[in-house]
Amino acid sequence: MAVLNKIRQRSIFLIVIIALALFAFVLSDLFQNSSAFGSNQDTIATINGTEIKRDEFMNRVENLQRQMGPGASTTQTVNRVWDQEVRRVVMEEQIEGLGLTVEREQMRNLLRNNFSEFPEFTNEVGMFDENKLNEYILNLKAIAPERAPLGNFQINYYEWVANEASIAIGAQEQTYFNLIKAGVGATVAEAKAEYESESASVDVKFVHVPYTTISDSLIKVSKSEISDYINKYKKRFEVEASRDINFVQFVETASLDDEKAVRDNVVALLDTRVEYNDVSKLNDTIVGLKATKNIEEFINANSDVKYTNSYMTKSSLPDVAQDSIFNLSVGQYYGPYKDNGMFKITKLVEEKFMPDSVKARHLLLPFIGSRAADAETTQTESQAKATADSLMNVIKGNRSKFVDLLDFSVDKVSNEKDGVLDWYAYNAMVPEFRDYTFENNKGDIGVVKTDFGYHVVEILDQKSKTRMVKVATLAQKIEPSENTIDDIFNKTSKFEMALQTKDMQEVAKENDVEVRPVNNIKELDENIPGLGSQRAIVRWAFESGTKVGDYKRFSIPGIGYAVVQVAGINKKGLMTPEAASAIVIPEIRKEKKAKMIREKISGSTVDAVAQSQNISVSTASAVNLKNPTLSGAGVEPKVVGTAFGLKEGQTSQLIDGNKGVFMIEVTKKNAAPELDNYNAILTRLNGTLSNSAQFKAYDALKEAAVIEDHRSTFY
């Protein structure tokens, strides 16, 4: 009581303290995100001084996400929009600088070319109708911001305007790149040089001392040498900011007890009476899988895999139990067995001998609301059925009339083959069509209703009847229980807490788990090898407050948890000696080995060097610059290039090649035969240059652009 009284006496003081603490918490968060006080809060990027506003960018991402569907991740969509925005800004500068525009008549032609196939803009004879286009645009404007159908999409007026602008920009860009292509071309001298690099050749003899004759262990490379090499070739070693992480994964997998519980539950359903919620369809209770009369309802109520009311070949049955199931008699069952992450019991319901493939022909008559219906469909379902029955009777009376009646069918593909659907397997057609053609006999004619409409079907032929079976499979997923999930969470939490005082490798060894490293993660990366799409981990690793050694637990949907620790922070600029060592050390070793080999070689001719090194002289014939390969030595452009600079009979100095130190002697020079002209080669070179000009020009403009990218702040 005394303590409570003291608290009451100092209540105002405590309130002030709590308020100050909350205020400090908010301030620390704001200062960690420094952009909260700057323009970055509203700007997602700046490209050559042009600001890309956050709201506009996010709207474009949202629109594109809707078009791309659920299969595309947010990061993929953001990157797509980003590429579009960079291109827009970079190209607009060039287009405006040259004064390129799209005139009214040109815009009309562009719209015609882009939308000529859309049914919304075609008349009754299938031709593009500009009046319909104008009406469509006016209607979009009138109903804005509501959407209207356009092909397979829905679009509103503002999106249409943006689409028109995109088409215009595309035309302007094409004009710009056409101007560049017009100024790019090869000369006759270049064509001649290309021809000679392909056709001129040399015959040589050479000696080759491989770098592998000196063991790597004899070559020491210091950190300072690696740094010097990096600074010498800076362009090669420039990198973006990146992070290195280590993680341990804790997977929510079913325990042996969980597996046993699922297995026991499946077995119990063989005989157990099961209560159903939907008493309007079934009796209150029904016997188990062994004796149930309502097999489909029983499976659908108790199995994680729904009942499939179709016949199966032996090869379609699960591999792990194929023979056992196929050899059952009707009414018998096999299991429980483990397959595809489930425990299953399979009962053989029916068996039948049916053809393995069928050849048939049909007429397809759609009705309003069927999948094959189009704007010209006028018949109701009952009318289409009556027409189909009439056609069937005509064909039964005279089968030669079938082809004469193809005009009634809307299946244009089969109509080109007199309505014939050539040999097809059991599950190639929709169920109703399949059942009729496989379960009836050759020569039968009937009317079949499917989602597409009514079919008048004639079975032309059937191949080799084999036994097929219909099965009912009671399957339940093997999933971790609540106790197991709790155990995994507790294990993850204990591992995370242990990192407060111990190294991750040490804790992993104590817990018998694997530490997995992932290096060179970029700020806008999404996927982490071994964990999949984990943007939250990447964002955390790049937060300003995250330091080397920091760790955090992340929930991984569908998997479990990952405890992630930052192992390295690599700043933008030149690679560190440690990061570059895998690339640089082999290069420095090669330089040092070349020097050591040169020092021990004596002799100024190929034969003398071969004798001093106790190695054989090699030869190579018809070597050209286009394919600078020496037989037995591999690709050696520097060595071959040196050979082409020598006269016949002349010997080179020692050459540091890709695979070793060489000396080469030209034994014969084979000049390229003179051509009357080089037009064919000139045409080929010009084609290559023209095809690459557009991509290279844009890449150059993009590389030269000054870009401040803040996407990672928002995504």
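Two strands are taken to pair if DSSP finds at least two bridges between them. In this predicted model, strand S5 (residues 201-210) meets that criterion with S21: four bridges join the two, and they run antiparallel.

Helix H4 spans residues 74-98 and has 25 residues. From first C-alpha to last it reaches 36 Å, close to the 36 Å expected at 1.5 Å a residue. Buried positions in H4 include Thr75, Val78, Val81, Trp82, Glu85, Val86 and Val89. Thr77, Val90, Met91 and Ile95 are buried in H4 as well. An α-helix has 3.6 residues a turn, so residues three or four places apart point the same way. After H4 comes Gly99, with a positive phi near 70°.

Aromatic contacts were examined next. The structure holds 22 aromatic pairs. In one of them, the ring centres of Tyr426 and Phe438 lie 5.2 Å apart. Their planes meet at 85°, so the pair is edge-to-face. Tyr426 sits in the loop between strand S12 (420-425) and helix H15 (431-439), whereas Phe438 is in helix H15. The pair thus links distant parts of the chain, with its two members twelve residues apart. Tyr426 is buried, at a relative accessible area of 5%. Phe438 is also buried, with 2% relative accessibility.

The rings of Trp540 and Phe554 make another edge-to-face pair, because their planes stand at 65° with the centres 5.7 Å apart. Trp540 belongs to helix H18 (residues 535-542) and Phe554 to strand S18 (residues 551-556), so the contact ties together parts that are 14 residues apart in sequence. Both Trp540 and Phe554 are buried. Elsewhere, five aromatic residues, Phe115, Phe118, Phe121, Tyr136 and Trp160, form one cluster.

Rings also take part in contacts with charged groups. The charged end of Arg87 sits over the ring of Tyr698, 4.6 Å from the ring centre. For Arg361, the charged end sits over the ring of Phe402, at 4.2 Å from its centre.

Methods. Residues are numbered from 1 along each chain as its sequence is written. This is a predicted model: local features need pLDDT of at least 70, side-chain atom pairs count only at pLDDT 80 or more; totals for chains, interfaces and linings use all residues. Side-chain values use heavy atoms; hydrogens and water are left out. The expected span of a helix is 1.5 Å times one less than its number of residues. Buried means under 20% relative accessible area, exposed over 50%, partly exposed in between (1.4 Å probe, protein chains only). Rings of Phe, Tyr and Trp (its six-membered ring) pair if their centres lie within 6.5 Å; planes under 30 degrees apart count as stacked, over 60 as edge-to-face and the rest as tilted. A charge sits over a ring if NZ of Lys or CZ of Arg is within 6 Å of the ring centre and within 35 degrees of the ring normal.
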